[in-house]
Amino acid sequence: MGKRQEIEISTAEAKRQMDIISQLAHHIQGKNLKFCITTFGCQMNAHDSEKIQGMLSKMGYSETDKEAEADLILYNTCCVRENAENRIYGKLGYLKKLKRANPNLLIALCGCMMQQDIVLETLKKTYRHVDMIFGTYNIYKLPELLQTRFETGKPVIDIWDSHQDIVEDLPNERKYPFKSCVNIMYGCNNFCTYCIVPYVRGRERSRNPEDILKEIHALVEDGVKEIMLLGQNVNSYGKTLDIPMTFADLIREVNKIEGLERLRFMTSHPKDLSDDLILAMSECDKLCNSLHLPFQAGSTDVLTRMNRRYTKEQYLALVSKVKATMPHIALTTDIIIGFPGETEEDFQETMDVVRQVRFASAFTFVYSKRTGTPAATMDNQIEEVVSKDRFNRLLDLVHEIQVDYMESFIGHHTDVLLEEVSKHDPNLLSGRTSESVLVHVKADPSEIGKIVDIKITGAKTHYLIGECL
Ligand code: SAH
Ligand code: SF4
Ligand code: F3S
């Protein structure tokens, strides 16, 4: 299908859904209907949930954080690890009781977990109180699916295997007025052997730069100061466009947008991080002082079996290059422990990378077997006790380095975007430094949304304490 035709289809589709939203708004008017959405998984899902919230608000639903008072409960699900899935099944058991008490309650499930046949079979067999199920490709069809549910009174299940169109211009409700995520691409082509994402999010497709820039301009005009560009592997942005564009050039364009103050992106795959991107990062003044660069494992042998397409040495060389250009950059990472066949020696290579790079922080995971991925059928799956032991040793090291890193802020000044009243102490505001480090500071709530100069006076493993000047 030609690009022009695709664009016309997606515009027509957005309009069709907007028309249904208007019809539903008429139907819902005066009924005081409430929805409650819970989001699992990564920033992609969090951003998809904002789109869902935007559509429901336009229909006239108001949001509640209490499931017991909701007329529509949605779970936007994740399946990257098994425990994420188990939590959903656990919650569904509890919803059965709520539904018995309120037969008008609608339950909707969407997101990555729904893209697996085995999950659909289980839901159809054992969880028949679910009213609506949709996947990652057709979130924009929520208005139509809801309309069908209202009209037929029957469960609606709509899962697509793939979809190339990108539907633009649907409503979107931001969690924060002053910061926002922006998708630059969808899907993933990398097929790391442990990972289910390429199967549930489909092939990589990039949004047109004009659409991305238009969206960011509109967000900035609406008061947004900080943008996070989102993709499973942003470094391969633009390769599939009719007129290819590199990620480095995209951030150069975004950096020019007047009024925007901070720019972030995630996630970067080490195999595609180009010299030009490092150059662009050092040139663009709005880019924040942080880089998330997952390495997953230190042993080249494990990396090969993970299909990561770089060696330990290549990863370390890349980090050296980044640090040579941006000496104070906060490097963060993802690490998997207990990949099939991982030996104690392999594990020590992981520890070695952590010691050499000295990450500002790291997300550490115990390998979780995902049916359908190549690693699930590999020999030598690691026993849980062994993984847990390695995991604990890794966590100790990561924390020790993290504490050092956090303490290095003490006595220094840093710009902090104040984001919200602290969840632990109503007298404090919480914000983030350019390095994305959490800071708690005594300040008036009227300061929320501002970037202020803060003096750091204390440090804990996961946050800093500061004073407004
Ligand atoms: N596209 C991103 C990450 C997406 S998933 C990237 O490649 O960096 C986020 C993280 O979950 C991964 O980086 C990986 O560390 C972890 N992960 C993915 N599949 C996993 C599995 N089967 N078991 C444990 N951790 C996993
Ligand atoms: Fe998964 Fe690898 Fe793609 Fe990241 S790059 S989403 S880990 S397959
Ligand atoms: Fe994200 Fe989980 Fe899906 S990590 S892409 S929500 S499987």
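Me: What should I know before reading residue numbers and values here?
Reply: Residues are numbered from 1 along each chain as its sequence is written, while chains are lettered from A and ligands numbered from 1 in the order in which they are written. The model is predicted, so local features need pLDDT of at least 70 and side-chain atom pairs count only at pLDDT 80 or more, whereas totals for chains, interfaces and linings use all residues; side-chain values use heavy atoms, with hydrogens and water left out.

Me: OK, which domains is the protein divided into?
Reply: Domain 1 (3-158), domain 2 (179-378) and domain 3 (413-468). The bounds come from an automatic or database domain assignment.

Me: And what separates the centres of domain 1 and domain 3?
Reply: 35 Å, taken over C-alpha atoms.

Me: Switching to ligands. Which residues are around ligand 2?
Reply: Cys-188, Asn-190, Phe-191, Cys-192, Tyr-194, Cys-195, Val-197, Pro-198, Gln-232, His-269 and Arg-308. A residue is listed if one of its heavy atoms lies within 4 Å of the ligand.

Me: How does that shell split by class?
Reply: The shell around ligand 2 has 7 nonpolar, 3 polar and 1 charged residues. Ala, Val, Leu, Ile, Met, Phe, Trp, Tyr, Cys and Pro count as nonpolar, Asp, Glu, Lys and Arg as charged, and the others, Gly among them, as polar.

Me: And what is around ligand 3?
Reply: Gly-41, Cys-42, Asn-45, Cys-78, Cys-79, Val-80, Cys-112, Arg-201 and Gln-232. By class there are 5 nonpolar, 3 polar and 1 charged residues. Gln-232 is listed for ligand 2 and also for ligand 3.

Me: Now strands. In what order do β12, β13 and β14 sit?
Reply: The order is β12-β13-β14, in an open sheet with parallel pairing. Strands (E, at least two residues) and helices (H or I, at least four) are DSSP runs, numbered from the N terminus, and two strands pair if DSSP finds at least two bridges between them.

Me: Why is one side of β12 and β14 left without a neighbour?
Reply: Because β12 (290-292) and β14 (361-366) stand at the edges, each with a single partner strand.

Me: How many bridges join β13 to β14?
Reply: 6, with β13 covering residues 330-337. Thr-332 stands opposite Ser-361 in β14.

Me: Does anything else touch Ser-361, or rather, which residues is Gln-402 in contact with?
Reply: Leaving aside neighbours within four places in sequence, Gln-402 is in contact with Ala-360, Ser-361, Thr-461 and His-462. Contact means heavy atoms within 4.5 Å.

Me: Where is Gln-402, and is it buried or exposed?
Reply: Gln-402 is in helix α13 (residues 384-407). Gln-402 is buried, with a relative accessible area of 6%; buried means under 20%, exposed over 50%, and partly exposed in between (1.4 Å probe, protein chains only).

Me: Last topic: how do β16 and β17 run?
Reply: Antiparallel, with 5 bridges joining β16 (residues 428-433) to β17 (residues 438-442). Leu-428 has Lys-442 as its bridge partner in β17. The hairpin has 4 residues between the strands, and Ser-436 takes a positive phi near 75 degrees there.

Me: And which way do β17 and β19 pair?
Reply: In the parallel sense, over 3 bridges, with β19 at residues 464-468. Val-439 stands opposite Leu-464.
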